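Please go through these notes on backbone geometry with the model open. They cover peptide bonds and phi angles.

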Amino acid sequence: MKKKLLYLLYTLLFFMPATLLAQTATHVVISEVYGGGGNSGSVYTNDFVELYNPTSAAIDISGWSIQYTSAAGTSFTALNQTIIPASTTIKAHGYFLIQEAAGTGSPAALPTPDLIGTIAIAATAGKVALVNSSTLLPATASTTAGVVDYVGFGSTATNFEGSGPTVAPSNSTSIERKTSATSTATTMASGGTEDLKGNGWDSDVNANDFFVPTLVNPQNSSSPVEPALAPALTASVPSLNFGNQTNNIPSSPALSYTLSGTNLTANTTVTVTGPFLVSKTATGGFGSSITFSTAEVAASPSVYVQFTPTATGAASGSITHASTGVTSPPTVTLSGTGVPPAPTVTPSTNTITFVGQTTNTTSAPQTFTVSAANLTGGVTLTATGPYTISKDGTTYSTVLTYLSSDFATTQTVRVRFTPLTLGAQPGTITFASAGVVNPPSVTLSGTGVVPNPSLSVTPGTLTFNGTVGTTSAAQTYTLGGSNLTAGVTLTATGPYTISKDGITYSTGLTYLSTDFSSNQTVYVQFTPTAAGAATGTITHTSTNATTQTVTLNGTGVAIPVLTATPSPLAFGNQVVNLTSAPQTFTLSGTNLTVNTTVTASALFTVSKTAGGTYTSSISYTPTELATAQTVYVAFSPTAIAAATGTVTVATTLATSQTVNLTGTGIAPLNTAPTLNAISDIAICAAATPVQQTIALSGITPGIEPTQSTVLSISSNNAGLFSSLGVFPIQGTSTGQINYTIASGASGTAVVTVTVKDNGGTLNGGVDTYVRTFNITVNALPTVSITSNVGSTITKGVSAQLIAPAGAASYVWTGNDIVSGQGTSVLNVRPKVSQSYSVTVANASGCTTTQTFAFIVTSSFPLITNNILTPDGDGKNDTWIIKNIDYYPSSYVRVVDKAGKIVFEANGYQNDWAGTYHGTPLAQGTYYYVIDLGSGAAKYSGYITLIRN
């Protein structure tokens, strides 16, 4: 193997010639090409192209491509192109293996390729390009933009880098890039002097950069990286001499040298000694030490050196360079001489210009500052030409003198210009001080001019408001002029006119230059022709004077319009001292700018709403009248007579609108009396009717408190009553109805109660008020009781009492009730003679009660069950003797056919289940005797006992 993870001593490489280091590529290179894959005698099944990164940093090759054409090929095609996918990098000093097409043989597989393509590469000659894109190359491509590396191999290749193609490979050999100019198959073989040194040699001559190795050796990204070359630093100069430099002043510009480095693995520190400082830039950041990154050194940066002597005489220093692994860093020696500072005088400017100064007048001062250092005497300033200078801005002369101590602070010099003639007026200000070499000067220039004509207007803007079609009140401004050589012309634009006297207006005025011995007043009026904004200007011109403009702003307001309909409003008759129901008219307006007032004349009032407050005047905003409004008008006469009036609608600039009003005041009308509503009455008929009463309330003569009232009553069913009457309760607003229902009567009557006052019906007055209500008398239900066994029964016998069906409810009273409460049929079993009552209610809630009496005899007949089947089914499981419970002293005995007593009991409880002393008796017939114990006849019979 030609590459293994072994490091050679850095010192060996450090002493390589500089030209050798210079030929190591700084980019990805094609390091090996093999085209015999799968051919006869081949060592691998596939062709391949191997790439190598000779740099110390990973390189992104995403989107690059390998392109191939035959030795004599004239074009590169997509068929012979392998595109490298995105996110692909080659690590520093690492390899990248691209497998291409296979031949027919299969001698051995390549190491795991990093990328697989399909290019069939010729075994002995061809052309391979590494391109930084997928763009296909032209036929002659070795120097085409975008080509990273290019190899023409074999003697017949028609395109290549440099003077010729590489030597020819074969089915069993490849071409491989050298490590150095003198690399051979022997030096780069395993164990050779250049083994494990990488394949980075690139002199851009294919014939010199490749050889045929002893073994074909494909390497991929997993192969060991080649070690880095020994780091080295180089300074472009061995020394720097600054010559003379004023003490305590940094040299400027800084001197510099170029720092270069190769194969660095760490930052480089640059350190300086003596009165010297170093920086990465010429303009600042100087210090005793600076640090460069490996990337910065790779770009061969400049090191800037500054000399700041602190004492007079020769000074020396040195710059040292240090970086990890650099064994012989360069040193740059520094020298210079410190000299004392020379006296200096420095003005802040070297030119001052005055523009257009009227002759025989003095300009406003201009200023500049003067600073000085290291003076050995005073400083004298001398001005020439029509210029004077001053320290304080008060006293001006052509010469100023300063002491050296004055320059402990910067001094301000003021300059004025006084031209005596027209045209350019040059001058200078010179500076003199002992020891100052090449003292500075300030060049002065200015121009004397005749006075310029000028115009002025105050104010420069006027603002108007006016109604469309009308002319506004005049506004004024002041026009002034000086040094005029001609008259002044005024021109107005827009809906504006101007005047000299406020009487005669036009769009243009003319003044003589002599008019401006004093300022002139100009009058302006606004006559809008349309609503909205209207702008204009007044320009003022005169020969050689700057034109002045007055800006005019106006707003035209449309003429307001009011509309009120209908008119007139007729109220007809209205009782005096009372207010009528409102009548209305519609009010609308356009182009309104202020509120509109609606005013009613005497006897009439207005309101914005029907139920609102009525007053003699109301107001609407322009916003309200943007939509039609309803105005409500009420009439309140105070005398019995015809009345007229108006409602006047008015607002600024609009034509007022009038709504005429008419009405007649009439005598007050009698109002109807009152009586509160009377609720309907429903009662039940009574066998003996009694008098009933109904209270009345709210009885008044209406709104006339002095009137009296009379009550009367009637009915549409007189036969329902035996008496019906009504009367008031004096001193109150109440009354009472008394009535008695006729005996046996039922039905409904509509009862009418009438209240009448003594106010009469003049003019439509009302003196009567009627209320009606219903009195309903509901009939009583008819009730009778019958018995299904008559009224005399034996003790213990059940009976049914039957009332008529169909009633709303039944309530029975009495003892020994078995069932049927709440129904028309009651089941009873009376023990003693007694009465039963039923109260029956009909649908109207009226009730009738009826009574029925039973006579009960003392004997209770016994009813015996002759079948006994004690099988637990709930039927005939025990021997039942009905009514035995009425004879608690009775004795019961049961015997079999032989006369043997099998059961006996006193006060029998209906609980014998056919057993003898707890043992079931056999199926068969048994005989019983029942002694009631009261001297009554005994009961006897038989029982059949059946068992399943």
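**Backbone points to check**

1. Start with Asn591. This residue sits in the loop that links strand 43 to strand 44 (596-600). The model is predicted. Phi of Asn591 is positive, near 60 degrees, and the residue is not a glycine.

2. Is Asn591 buried, partly exposed or exposed? Its relative accessible area is 39%. Asn591 therefore counts as partly exposed, because that class lies between the 20% and 50% cut-offs.

3. Next, Asn577. Its loop runs between strand 42 and strand 43 (583-590).

4. Is Asn577 buried or exposed? The relative accessible area of Asn577 is 61%. Exposed means over 50%, so Asn577 is exposed.

5. Now the peptide bonds. Which type of bond leads from Ser567 to Pro568? It is cis, and omega is near 5 degrees. Pro568 belongs to the loop between strand 41 (561-565) and strand 42 (569-575).

6. A cis peptide bond also joins Ser252 and Pro253. Omega is about 0 degrees there. Where does Pro253 lie? Pro253 is in the loop between strand 14 (239-246) and strand 15 (255-262).

7. To recap by site: the bonds to inspect are Ser252 to Pro253, which is cis, and Ser567 to Pro568, also cis.

Terms used
Residues are numbered from 1 along each chain as its sequence is written. This is a predicted model: local features need pLDDT of at least 70, side-chain atom pairs count only at pLDDT 80 or more; totals for chains, interfaces and linings use all residues. Side-chain values use heavy atoms; hydrogens and water are left out. Helices (H or I, at least four residues) and strands (E, at least two) are DSSP runs, numbered from the N terminus. Buried means under 20% relative accessible area, exposed over 50%, partly exposed in between (1.4 Å probe, protein chains only).
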